[in-house]
Amino acid sequence: AGSRDERVVATLTDIGIAVLNGGMSTFLAVLLLAGSQSYVFRVIFQQFFLTVILGLGHGLIFLPVVLSICGPPCYAAVEIKANRAVKADPVKSALPRPPSDTELKIGAGVEPVVKEPF
């Protein structure tokens with residue numbers, strides 16, 4: 001749960017370093033292409049470099065800012081809204097709710113069928 005800003009900070013704390021390590025390792029892997037005399041290898045380096053920079057910029061700066069401004073609401077707010085909708089609608093509250101997984105106890109008392117190999 002938590003506010004949008006709290007969730008962005010928690011997410012960047014949890015996976016931000018991994019994303020940064022991935023970008024840096026990719027940059028180091030293609031760094032040797034920068035010193036090549038071949039035009040093709042230099043262009044490939046430039047493409048990888050820009051891809052890594054844009055990916056890191058979007059993943060670590062742009063998307064967290066956008067999601068903290070207009071991201072989805074916290075899960076608690078969604079649950080509260082759903083509960084209010086059910087209480088407000090007498091038809092939905094009169095309908096029986098489906099049983100949970102623990103209530104179903106699928107396969108209780110049924111012996112498994114084992115086929116013998118030929």
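Residue L67 is partly exposed, its relative accessible area being 45% (buried denotes under 20% relative accessible area, exposed over 50%, and partly exposed the range in between, with a 1.4 Å probe and protein chains only). The structure is a predicted model, in which local features need pLDDT of at least 70 and side-chain atom pairs count only at pLDDT 80 or more, whereas totals for chains, interfaces and linings use all residues. Residues are numbered from 1 along each chain as its sequence is written, and side-chain values use heavy atoms, with hydrogens and water left out.

L67 belongs to helix α2 (helices are DSSP runs of H or I with at least four residues, strands are runs of E with at least two, and both are numbered from the N terminus). With neighbours within four places in sequence set aside, L67 is in contact with R4, V8 and P72, contact meaning heavy atoms within 4.5 Å. Between L67 and R4, which are 63 residues apart along the chain, the C-alpha separation is 7.1 Å.

The chain holds five helices and zero strands, giving the order α-α-α-α-α from the N terminus on. Of its 118 residues, 10% are buried. Among contacts between residues at least 6 apart in sequence, 61% join residues at least 24 apart.

Helix α1 covers residues 4-30. Its 27 residues should span 39 Å at 1.5 Å a residue, and the 36 Å between its end C-alpha atoms agrees with this value (the expected span is 1.5 Å times one less than the number of residues). A kink of about 50 degrees is centred on I15 in α1, where the bend at a residue is the angle between axes fitted to the seven residues ending there and the seven starting there. The buried residues R7, V8, G16, G23 and V30 of α1 pack against α2 (39-70).

Helix α2 comprises 32 residues and reaches 43 Å from its first C-alpha to its last, close to the 46 Å expected at 1.5 Å a residue. In α2, a kink of about 45 degrees is centred on H58. F45, V52, L56 and P64 are the buried residues of α2, and these pack against α1.

L20 is partly exposed, with a relative accessible area of 34%. Residues up to four places away in sequence not being counted, L20 touches L56 and L60. The C-alpha atoms of L20 and L56 are separated by 6.9 Å, although the two lie 36 residues apart along the chain.

The largest pocket has a volume of about 150 Å³. On a 1 Å grid over the protein atoms alone, a pocket is an open set of points where a 1.4 Å probe fits, with protein on both sides within 12 Å along at least five of seven lines, and lining residues have an atom within 4 Å of a point. Volume is the space filled by probe spheres set on the points, which are joined across faces, edges and corners. The lining consists of R7, V8, T11, L12, I15, G16, V19, G59, L60, L63, P64 and L67. The elements giving two or more residues to this lining are α1 and α2, and the largest share, seven residues, comes from α1. By class, the lining residues divide into eight nonpolar, three polar and one charged (Ala, Val, Leu, Ile, Met, Phe, Trp, Tyr, Cys and Pro count as nonpolar, Asp, Glu, Lys and Arg as charged, and the others, Gly among them, as polar).
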